[in-house]
Amino acid sequence: MGKKNSISILGCGWLGLPLARECLQAGMVVRGSATAQAKADEQKALGISSYVIHLNQPETLDQLPEFLNSHYLVIAIPPRARTQDNYPEQIAAVVPFIEQSSVKKVLFISSTSVYPNTNGEVTETCQGMPDSTSGKMLIEVERMLLQNINFDTTVLRMAGLCGYDRQPGRFLSGKKQLSNGSGPVNLIHRDDCLSIINEIMRQNQWNEVFNCCSDIHPTRREFYTKAAMGLQLEPPEFLETDTPAFKIISNTKLKKVLNYQFKYPDPMTMI
């Protein structure tokens with residue numbers, strides 16, 4: 001096994017599961033992970049070879065050698081900043097298993113939370129320290145994977161994920177005295193996430209870092225007001241005057257290198 005038509009997806013959640021479905025439809029052998037047997041059984045019913053792997057339960061890591069019997073590995077497990085889990089240590093525990101496996105190409109799903117608020121545009125070369133705990137953990141894991149010489153890694157820094165059951169109109173509905181109303185939003189639709197992953201594999205774009213974010217950046221006030229009203233929910237209320245703290249995620253590199261055009265270039269059409 002371990003042929004180029006095989007992929008392992010560590011984390012078959014909101015993004016990983018539809019990716020698994022697309023890969024199955026493309027004729028690939030798909031191995032997925034779940035943190036509970038019930039979820040693993042659901043994946044198996046779809047045709048996924050599923051393994052119960054829980055990164056904070058070391059006894060489940062004995063499933064990794066069989067799970068990693070693929071050419072591609074997608075890591076789609078975000079850090080849980082509200083818990084005490086040490087995310088970098090968890091991924092570090094997986095790395096020796098990757099090194100000893102047939103995996104040659106790793107796609108790491110990161111986040112634009114790795115960037116601080118600069119009140120301007122940020123590109124992949126921005127070196128500022130992240131504002132959030134999760135951003136700091138993601139940067140550490142990115143470096144760990146990119147520096148490993150045993151496999152090729154590409155990092156996809158995803159903006160805020162939208163689409164399908166993830167309805168941003170519910171996020172701020174009815175809330176009052178919100179700040180950053182004039183700050184821009186950075187979002188991406190799940191359909192674009194999946195298309196970008198497919199293009200990375202199809203074009204063999206490895207050892208790269210890409211920002212994944214729609215072209216247009218409406219203000220938080222514009223976007224979340226329309227999103228709430230579209231769901232017939234009470235719109236949020238923002239402070240009339242405040243000093244916004246924001247960043248504008250540049251997707252220039254992604255569009256140029258992959259020759260990619262977004263399916264949803266304007267977040268206002270996602271709602």
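Visitor: What makes Glu 199 and Arg 202 a salt bridge?

Guide: In this predicted model, their side chains come to 2.8 Å, N to O. The cut-off is within 4 Å between a side-chain nitrogen of Lys or Arg and a carboxyl oxygen of Asp or Glu, so the pair qualifies. Both residues sit in helix α6, three residues apart, about one turn of the helix.

Visitor: How many salt bridges does the rule give?

Guide: The count comes to seven. One of them joins the side chains of Glu 234 and Lys 176 at 2.6 Å, N to O. Glu 234 is in the loop between α7 (220–230) and β11 (248–249), and Lys 176 is in the loop between β8 (160–162) and β9 (187–189), so this pair ties together parts that are 58 residues apart in sequence.

Visitor: What makes Lys 176, Glu 234 and Glu 237 a network?

Guide: Salt bridges link these residues. Besides its bridge to Glu 234, Lys 176 meets the side chain of Glu 237 at 3.3 Å, N to O. That is within 4 Å, so it counts.

Visitor: Are these residues buried, partly exposed or exposed, and how do you know that?

Guide: Relative accessibility is 43% for Glu 234, 42% for Lys 176 and 41% for Glu 237.

Visitor: Which residues stand out in the largest nonpolar core?

Guide: That core has 64 residues, and Ile 7, Leu 73, Leu 156 and Ile 196 touch the most other members. Helix α6 (residues 190–203) supplies the largest share, six residues. Apart from it lies another core of ten residues, among them Leu 178 and Phe 238.

Visitor: How do you know that Ser 33 is buried?

Guide: Its relative accessible area is 4%, and the limit is under 20%, so Ser 33 counts as buried. Ser 33 sits in strand β2 (residues 29–34).

Visitor: What makes Ser 33 and Gly 11 a polar contact?

Guide: A polar atom of the Ser 33 side chain lies 2.9 Å from the backbone nitrogen of Gly 11. The distance limit is within 3.5 Å, so the pair meets it. Ser 33 also touches other residues, including Gln 43, Tyr 51 and Phe 67.

Definitions and conventions:
Residues numbered from 1 in each chain as written. Predicted model: local features only at pLDDT ≥ 70, side-chain atom pairs only at ≥ 80, totals over all residues. Heavy atoms only, no water. Core = buried A, V, L, I, M, F, W, Y, C linked by side-chain atoms within 4.5 Å. Buried < 20%, exposed > 50% of the residue type's maximum accessible area, 1.4 Å probe, protein only. Helix = DSSP H or I, 4+ residues; strand = E, 2+ residues; numbered from the N terminus. Polar contact = N/O pair within 3.5 Å; in protein donor to acceptor, adjacent residues only side chain to side chain. Contact = heavy atoms within 4.5 Å. Lists of a residue's contacts leave out its neighbours within four places in sequence.
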